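Reader: I am new to this structure and would like to learn how to read its features. Could you walk me through them?

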Amino acid sequence: MKARKIPMRQCIGCHESKPKSELIRVIKTPENEVLLDCTGKKNGRGAYICSSVECFNKARKSKAFARAFELNIPDDVYEDIERRMLQLVEK
C-alpha cells in the first residue's frame with residue numbers, strides 16, 4: 001500500500017513548515033476582503049498561520065499578511081481575525 005503524502009504549508013508568523021491540517025488559513029477574496037477560512041476550501045489567495053497568538057502577533061508586526069496579499073490591512077480586520085482565531089482554538 002502506498003503511503004499518502006501529507007501536504008505541508010509554512011506559517012507566515014514563525015516560518016515553520018507544518019502539516020496543512022494543523023494551520024489556520026487566512027484568505028483574500030477576489031473582492032479584496034481578508035478573512036479567516038475555517039473550511040480551507042473558500043475561493044481566494046491563502047496564507048497559513050499557526051493557531052498560536054504569538055505567531056499571529058509576529059505576522060501582524062512584520063506585516064506578513066499585507067505582503068502575502070499585496071494589500072494594506074486595517075487594524076479592525078486584524079482584530080476580527082484574532083478574535084475568530086481564538087474562538088477556533090478554544091473549540
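Author: Gladly; we will go through aromatic rings, then salt bridges, then a charged patch.
This is a predicted model, in which local features need pLDDT of at least 70 and side-chain atom pairs count only at pLDDT 80 or more, while totals for chains, interfaces and linings use all residues. Residues are numbered from 1 along each chain as its sequence is written, and side-chain values use heavy atoms, with hydrogens and water left out.

Reader: How many aromatic pairs does the structure hold?

Author: A pair of aromatic rings is described by the distance of the centres and the angle of the planes. Rings of Phe, Tyr and Trp (its six-membered ring) pair if their centres lie within 6.5 Å; planes under 30 degrees apart are stacked, over 60 edge-to-face, and the rest tilted. The structure holds four such pairs. One of them joins F56 and F65, tilted, with 6.0 Å centre to centre and 50 degrees between the planes. The rings of F56 and Y78 have centres 6.3 Å apart and planes at 75 degrees, so this pair is edge-to-face. F56 lies in helix α1 (residues 53-61) and Y78 in helix α3 (residues 75-90), so the pair ties together parts 22 residues apart in sequence. Helices (H or I, at least four residues) and strands (E, at least two) are DSSP runs, numbered from the N terminus.

Reader: Is F56 buried or exposed?

Author: Buried means under 20% relative accessible area, exposed over 50%, and partly exposed in between (1.4 Å probe, protein chains only). F56 is buried, at 0%, and Y78 is buried too, at 6%. F56, F65, F69 and Y78 form one aromatic cluster.

Reader: Which residues are linked in a network of salt bridges?

Author: A salt bridge is a side-chain nitrogen of Lys or Arg within 4 Å of a carboxyl oxygen of Asp or Glu. D80, R83 and R84 are linked in such a network. The closest N and O atoms are 2.6 Å apart for R83 and D80, and 3.2 Å apart for R84 and D80. Elsewhere, R60 and D75 meet at 3.4 Å, N to O; R60 lies in helix α1 and D75 in helix α3, so this pair ties together parts 15 residues apart in sequence.

Reader: And which residues form the positive surface patch?

Author: Patches are made of residues with over 30% relative accessible area and no salt bridge, like charges being joined within 9 Å. Here K5, R9, K20 and K41 form a positive one. K5 is exposed, at 78% relative accessibility.

Technical notes
Patches are made of residues with over 30% relative accessible area and no salt bridge: like charges are joined within 9 Å, nonpolar side chains (Val, Leu, Ile, Met, Phe, Trp, Tyr) within 5 Å. Accessible areas come from the Shrake-Rupley method with a 1.4 Å probe; for residues, only the protein chains shown count as cover. Lys and Arg count as positive and Asp and Glu as negative; His and the chain ends are not counted. The place of a charge is taken as NZ of Lys, CZ of Arg, CG of Asp or CD of Glu.
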